[in-house]
Amino acid sequence: MMLGSQVENGDSLYQERAHASKPDDLATIIYTSGTTGEPKGAMLTHSNFMSNVRAGLMRLEVGPEDVFLSFLPLSHVFERMAGYYLPLAAGASIAYAESPFTVPQNILEVRPTVMASVPRVYEMMHLRVIRTVEASSKVSRSLFNWSIGIGQQVSQRTQNKLPVKGPLAAKARIADRLVFSKIRQNTGGRLRFFVSGGAPLSQPIAEFFHAAGILILEGYGLTETSPVISVNTLDENRFGTVGKPLPDIEVKIAPDGEILTRGPHIMKGYYKKPKDTKEAIDSDGWFHTGDIGMFDEDGFLKITDRKKNIIVLSNGKNVAPQPIENRLKQSRYINQVMLLGDGRKTITALITPDLEAVKGFAERMQVSTSSLRELLDHSVIRQLFREEIDERTADFADFEQVRMFTLLEEEFTAEAGELTPTLKLKRKVILEKYRQQIEQMYGVTES
């Protein structure tokens, strides 16, 4: 009897407090990831979130028939919105992965129709496909490459809203049946689209999956903006951009290239940090994102880099690291990379190699070593990475070229404090941890 009374009173208390809540009341405090500095608590209201939910549902076609697979931390604003609030408001179902490591298995079990994730997951999916192809026969590799070529033609025509017919349509059906349908089976077979956020998505990765019939809609936002500012949609999407701003959200580019935004999605401020709040939100209500970007001729927003990430060389030249890092990560042998050079004469890089790929290359080249460190320092392996870097950055300016690099034995991880929950590099932490290796590189390049 007492237990029932407690439950009844608890429910009554919950209802009372729920009805007493006002739209502008504080809903949560979410701390920023602190990739370049100290984390700050963004104070977000019920109205902030609801404005983002309403605007998101106007852009993304989501309904009760959809099934979402959620695996990112719900403490992060991207997953809270795209994998929790939005599907709940749409009446969709949400399945929760057992862990980040079981996502490939859980996808096959749940067979989601929509899934929100960070670029690193799509990079790993792409890598698994490439590894499978490389381990197959010569005939299978040729078929895969032919199919990708056909898929790219179809993708380009689809993006330009042109019909796919005649011989191309016939070839597309063959490529789909023999290659692409098998890739899509790994997503459960009924996926309508992926959503990508939390970090920049490499354009070649998006184009690869679209060629295989898998659409990734990239969006953009921050913790302080509840979080979505812009997103590509099923009807309007352009690879290499983060789409157009959501309804009721204003976005403009400041004279120095910084992206500014204003609207109902902007936080109340930083918790107990009035000075930081005043620096972030100006007197006209514009939130300064800290990101550098531009609008293309059709109104799609493109992000260049984080303002604080811009590397200023000692000669005054500015280098945006993310475009170069994304290009380098297209290499079969490069897992992660972080560019360096602030206040220095030249650009250098810390690289975590794809050890499986490197060891396979070493076997083919008959390179024999007694330790991982010895392998990564071997002249043949160093030459491999030199060629990979030079080939993939050939079209960048001379001052943007990577003059020296260090191959690390261990990859950057969230557990070691080197990555945020959405797997972005914590540059300040990595700089401190590998200071000795960095100074050794610059001892070579600037001596």
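Predicted model: local features only at pLDDT ≥ 70, side-chain atom pairs only at ≥ 80, totals over all residues.

Student: Which of them gives the largest share of the lining?
Tutor: That is α5, which contributes seven residues.

Student: And what volume does the second largest pocket have?
Tutor: About 910 Å³. The lining is made up of 36 residues, and those closest to the pocket centre are P100, F101, R120, M124 and L423.

Student: How does the lining split by class?
Tutor: There are 22 nonpolar residues, nine charged ones and five polar ones.

Student: Okay, switching to charges. How many salt bridges are there?
Tutor: The count is 25 salt bridges. In general, side chains with opposite charges can pair when their charged atoms come close.

Student: Which residue does R131 pair with?
Tutor: R131 forms a salt bridge with D354, and their closest N and O atoms are 2.7 Å apart. R131 sits in helix α5 (residues 119-134), while D354 is in the loop between β18 (347-353) and α11 (355-364), so this pair ties together parts 223 residues apart in sequence.

Student: Is D354 buried or exposed?
Tutor: D354 counts as buried, because its relative accessibility is 6% and the cut-off for buried is under 20%. R131, at 25%, counts as partly exposed.

Student: Which residues are linked with R131 and D354 in a network of salt bridges?
Tutor: The network also takes in E134, R332 and E356.

Student: Nice. What about E418, which residue is its salt-bridge partner?
Tutor: E418 pairs with K433, with the closest N and O atoms 2.7 Å apart. E418 lies in the loop between β19 (402-407) and α14 (427-433), and K433 is in helix α14, so the bridge joins parts 15 residues apart in sequence.

Student: How accessible are E418 and K433?
Tutor: E418 is buried, with a relative accessible area of 1%, whereas K433 is partly exposed at 43%.

Note on methods
Residues numbered from 1 in each chain as written. Heavy atoms only, no water. Salt bridge = Lys/Arg side-chain N within 4 Å of Asp/Glu carboxyl O. Helix = DSSP H or I, 4+ residues; strand = E, 2+ residues; numbered from the N terminus. Buried < 20%, exposed > 50% of the residue type's maximum accessible area, 1.4 Å probe, protein only. 1 Å grid on protein atoms, 1.4 Å probe; cavity = no way out; pocket = protein on both sides within 12 Å on 5 of 7 lines; lining within 4 Å. Points joined across faces, edges and corners; volume = space filled by probe spheres on them. Nonpolar A, V, L, I, M, F, W, Y, C, P; charged D, E, K, R; others polar.
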